[in-house]
Amino acid sequence: MTAKSSQPSNHLIHESSPYLLQHAHNPVYWYPWSEESLQKAKDEDKPIIVSIGYSACHWCHVMERECFEDEEVAELMNKHFINIKVDREERPDVDQIYMEAVQTMGLQGGWPLNVFLTPDQKPFYGGTYFPKQNWLQILNNVALAYEKQREQVVEAADKFAEGLQASETLRYNISASQPELYPASVQRELREVFRAFSERFDTEKGGLNKAPKFPMPSQWLFLLRYHFVTEDTEALNHALLTLDQIALGGIYDQIGGGFARYSVDAEWFAPHFEKMLYDNGQLLSLYSEAFSVTHSDLYRQVLTDTIAFVQRELTSPEGGFYSALDADSEGEEGKYYVWSYDELQQVLGDTTDMITDYFSATPEGNWENGNNILHLSQSEGEFVRKYELSLPDFSEVVNKAKQDLLERRLQRERPGLDDKIIAGWNGLMLRGLIDAYTALGEQSILDLAQQNAQFLKSKLIQTEGEGASISHTYAKGERKIDGFLDDYAFIADGLIALYQVNFDEQWLHLADQLVQYAIRHFYHQKEQFFFYTPASSELIARKKELFDNVIPASNSAMTRNLHKLGVLLEKSDYTELAQGMLSRMLPLVKQYPSDTTNWAVLATEMALPLAEVAIVGPDHQEVASELIQHYHPNKVVLATENESELPLLKERRAEDGQTTLYVCYDKTCQLPVHAVSDALDQLQRNLP
């Protein structure tokens, strides 16, 4: 979305965030979150309005049109308040604190988030979307209360601030002790986690039994990994049911690839049409792993089309990935993606009847205003049996129809692009691409991943002695804002994965430097978890992110990095730190299974001995590529042609000049072999 130009600009005009620039010509005299704006509130003794949203947020646009573009509203806000606009994607630390504050007030969270603060940043009232008349009433009431009942306002603000500053480990009664983890005991704990989690399954449509439905990839990844550990078919079946239903539904873009943020219903049919980079990165990883288990043609198509979408619509010329596509175009949610039956007929011609049947479109429409959301009620295989067609012939017809519809759609006014580049989200997409390469073996996918890694290294990462720091965002050629824990965790994860497919050791060492920096600047020695913000943070509280949301908890992601790097680099301090963090979290994982599945994924990785596969010799790349095509998630892979300083490779040699595989557990190796099939047999023999 472009900034409006009918009004004089406010302080947001100098920002790079598309969301802030959308408000740069509002009559509200907005400031960005900055020392200047916070100091101005103190100097003028005015309460602060912090209004938080993001560029792809539909109701943020609605409240802007109804309230922030309105002169009457702006006059009240400018007279009584210091008004600060925050892009939640640019400042997740600010959003995190004030979202928790509003929920502590007993209100439902969401965006836009509008919170009233004292000049020292302490919250005392808030909410989400407000229509104009409600917002005017709230503005008047708050201004009057701040003037006439200051003591009560300050008292309430102090109380909320005290709650925000409370330790998460105390709030959730996380024990300081760290029971030692044994594979057998972890497997018992996992069975309890699965039993509790499975009580919420929607056994008809997949996912959990409520609407709206978010994809939540770490939940279904846990089921795949749990099945690998236990061979529990219920876990596998529900994971695949969920993935099938998402891939067939309207939440997945059947024409252009890629996933919307969530489905408003329980059937995965009607999406909230915004497309976020973080969802698509995680879902690439999830569908890649599911493809490795099933070799499903549906999953292959999802992977291929989603990567094409990312390349086409979210990749910057420099190799970074943009943040999001808006839900709205031409002022309407979803207009870019839906179809009238008449337009489908114009594009499809003689194949209209078959293709509209396939995509469940009707002359009356299956959605609002006679439009159709394209979705599938059955797979290609089921459909061709219905029409007595050959699968290759039908696939050719469908692919041509999709291409024709995509070309027609590209002529429409496109949704707004949020072109800022967020470090952690790029890490998620980097990992997703590497997982897709692992599953499909297509060099072009690895090339895209490597291009992104080079971009991250050159534009967002700064090496500092033994460590390396990250900037959170990059936009218009400039990096901004110190990175948060998820930036370090997800980029390190992507780099660890990249090393294990291209075996360029610079990526493994860079991941280690990021983890070292995070330990120095984010880790809380006493409570033995990581803060979300670095020690330099000047907000009223430093939070520890323990629970998954649509993005996995940054503490769980960093713990998984410590576990892998501890093995790859033989760093026992990393291994001990990871085991201690998981050990202390497991009671909480059992208590809140649907909100801690990334911790549960880590538990599956510790429930079996972790295989260390070292490959040495002239064909190490080809041999490794063959090996990783086979599903065995509980392994790390290292490879070199002849020499390496990595501990697991240092003493290994190619035998008789042939590329040699060593399958090791806890630094103890089995007999060296030359065939991938023999290495796979050794891996299989060490499973329960």
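Guide: A word on terms before the strands: two strands pair if DSSP finds at least two bridges between them. Helices (H or I, at least four residues) and strands (E, at least two) are DSSP runs, numbered from the N terminus. This is a predicted model, where local features need pLDDT of at least 70, side-chain atom pairs count only at pLDDT 80 or more, and totals for chains, interfaces and linings use all residues. Residues are numbered from 1 along each chain as its sequence is written, and side-chain values use heavy atoms, with hydrogens and water left out.

Visitor: Okay, in what sense do β15 and β16 pair?
Guide: Antiparallel, over four bridges, with β15 covering residues 467-475 and β16 covering 478-482. A475 has E478 in β16 as its bridge partner.

Visitor: And which residue takes a positive phi in that hairpin?
Guide: K476, near 55°. The hairpin has two residues between the strands.

Visitor: What about β19, buried or exposed?
Guide: Mostly covered: six of its six residues, 611-616, are buried. Buried here means under 20% relative accessible area, exposed is over 50%, and partly exposed is in between (1.4 Å probe, protein chains only).

Visitor: Which way do the β19 side chains point?
Guide: A611, V613 and I615 go one way, E612, A614 and V616 the other, and all are buried. In a regular strand the side chains alternate between the two faces of the sheet.

Visitor: Which strand does β19 join?
Guide: β20, residues 635-640, in a parallel arrangement with six bridges. The partner of A614 there is L638.

Visitor: Switching to packing. How many residues are in the largest nonpolar core?
Guide: That core has 196 residues, and W135 and Y287 have the most contacts inside it. Helix α20 (485-502) gives the most to this core, with twelve residues. By nonpolar core I mean a set of buried Ala, Val, Leu, Ile, Met, Phe, Trp, Tyr and Cys residues joined through side-chain atoms within 4.5 Å.

Visitor: What does W135 touch?
Guide: Setting aside neighbours within four places in sequence, W135 is in contact with residues including I49, M63, C67, F68 and F130. Contact means heavy atoms within 4.5 Å. W135 is also in an aromatic cluster whose members include W30, F81, F116 and Y146.

Visitor: How many aromatic pairs turn up?
Guide: A search of the whole structure gives 42. Rings of Phe, Tyr and Trp (its six-membered ring) pair if their centres lie within 6.5 Å; planes under 30 degrees apart count as stacked, over 60 as edge-to-face and the rest as tilted. Take Y252 and F259: their ring centres are 4.9 Å apart with the planes at 50°, so that pair is tilted. Both Y252 and F259 are buried.

Visitor: Which ring does K275 lie over?
Guide: F309, at 4.0 Å from the ring centre. R88 puts its charged end over the ring of Y54, 5.7 Å from the centre. The rule wants NZ of Lys or CZ of Arg within 6 Å of the ring centre and within 35 degrees of the ring normal.

Visitor: Last topic: how many disulfides?
Guide: Two, where a disulfide is a pair of cysteine sulfur atoms within 2.5 Å. C57 joins C60 with S to S at 2.3 Å, and C664 joins C669 at 2.0 Å. The C57 and C60 link is right-handed, with 80° about the S-S bond; the C664 and C669 link is right-handed as well, at 85°.

Visitor: Is C669 buried or partly exposed?
Guide: Partly exposed, at 28% relative accessibility, whereas C664 is buried at 1%.

Visitor: And where does that leave C67?
Guide: C67 is in no disulfide; the nearest cysteine sulfur is that of C60, 12 Å away. C67 is buried, with a relative accessible area of 0%.
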